[in-house]
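Welcome! The exercises below walk through one structure step by step, each with a worked solution. Have a look at it, try each task yourself, and then read on.

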Amino acid sequence: QGPSLGRALIRCSDAKALATLGRHDEARKALDAYRDLRSTTLPSTDIMAGYWNGGQLYYADSQIYSFAGDETATANAIENVLKSSNGDYQILPSIRLCEALCVVQNGGVQRGVQQASDIIDGLRPAQRTAMTLDHGYRILRAVPTDKRELDAVREFRGVLVAASESRAEISA
């Protein structure tokens, strides 16, 4: 069977999952496989074309590199997302949260959780999507155990709970 957009997107999802599990080398290999498959697949699709062609690879890069704590690669991916984004309202807070995750992964816990707290707290309740809040919880899980009682971390946890509750009220 030849390359297809479906296979490419499965490899992209694999890369994101592997990054979440801390398997960074495997995540990068899966991302490279996605790039290879994507380059041999027709560049457009009729199904959600704006999503798949609107910087999806760069967005995956930002997630994968932020989990690995690679600040340079994360910053480059974010720049590319901003250039190629289709304007999805979730993209900007999500990539900024990737940036905050990268900071936390590199030991800047207070700065990273403060950045994440400001981002989520600054969103209107309708913008506090499951995707955005999931990024916030990923950041919280990345905080080392011995740093989880810092004031900034406790405050961030409170922001996430409040944001989740305000989102639930809108959904009800």
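**Exercise 1. Find which residues of H5 are buried, and work out how they are arranged around the helix.**

*Solution.* Step 1: the buried residues of H5 are Ala73, Thr74, Ala77, Ile78 and Val81. Buried stands for under 20% relative accessible area, exposed for over 50%, and partly exposed for what lies in between (1.4 Å probe, protein chains only).

Step 1: look down the axis of H5, where these buried residues fall within an arc of 135 degrees, so they line one face of the helix. The arc is taken from the directions that run from the helix axis to the C-beta atoms.

Step 2: ask what the buried residues of H5 pack against: helix H4 (56-68) and helix H6 (91-105).

Before going further, note that this is a predicted model, in which local features need pLDDT of at least 70, side-chain atom pairs count only at pLDDT 80 or more, and totals for chains, interfaces and linings use all residues. Residues are numbered from 1 along each chain as its sequence is written, and side-chain values use heavy atoms, with hydrogens and water left out.

**Exercise 2. Describe the chain as a whole: how many helices and strands are there?**

*Solution.* Step 1: the chain holds 9 helices and 0 strands. Helices (H or I, at least four residues) and strands (E, at least two) are DSSP runs, numbered from the N terminus.

Step 1: of the 172 residues in the chain, 42% are buried.

Step 2: among the contacts in the chain with a separation of 6 or more, 63% are between residues 24 or more positions apart. A contact here means heavy atoms within 4.5 Å.

**Exercise 3. Work out how H1 packs with H4.**

*Solution.* Step 1: helix H1 (residues 5-20) and H4 pack at an angle of about 15 degrees, and their axes are 8 Å apart. Axes are lines fitted to C-alpha atoms, for helices over the stretch in contact, and angles run from 0 to 180 degrees between N-to-C directions.

Step 1: that angle makes H1 roughly parallel to H4. The cut-offs are under 35 degrees for roughly parallel, over 145 for roughly antiparallel, 65 to 115 for roughly perpendicular, and oblique for the rest.

Step 2: H1 and H4 have a left-handed crossing. Left-handed means that the near helix is turned anticlockwise from the far one by less than a right angle; clockwise would be right-handed.

Step 3: name the residues in contact: Cys12, Ala15, Lys16, Ala19 and Thr20 of H1, and Gln56, Tyr59, Ala60, Gln63, Ile64 and Phe67 of H4. Among the buried residues of H1 are Cys12, Ala15, Lys16 and Ala19.

**Exercise 4. Follow Thr132 into the packing of H7 and H8.**

*Solution.* Step 1: Thr132 sits in helix H8 (residues 130-142) and, at 1% relative accessibility, counts as buried.

Step 1: helix H7 (residues 109-121) and H8 pack at an angle of about 160 degrees, with axes 10 Å apart. They are therefore roughly antiparallel to each other, and their crossing is left-handed.

Step 2: Val113, Ala116 and Ile120 in H7 meet Thr132, Leu133, Gly136 and Ile139 in H8.

Step 3: leaving aside neighbours within four places in sequence, Thr132 has contacts that also include Pro93, Ser94 and Leu97.
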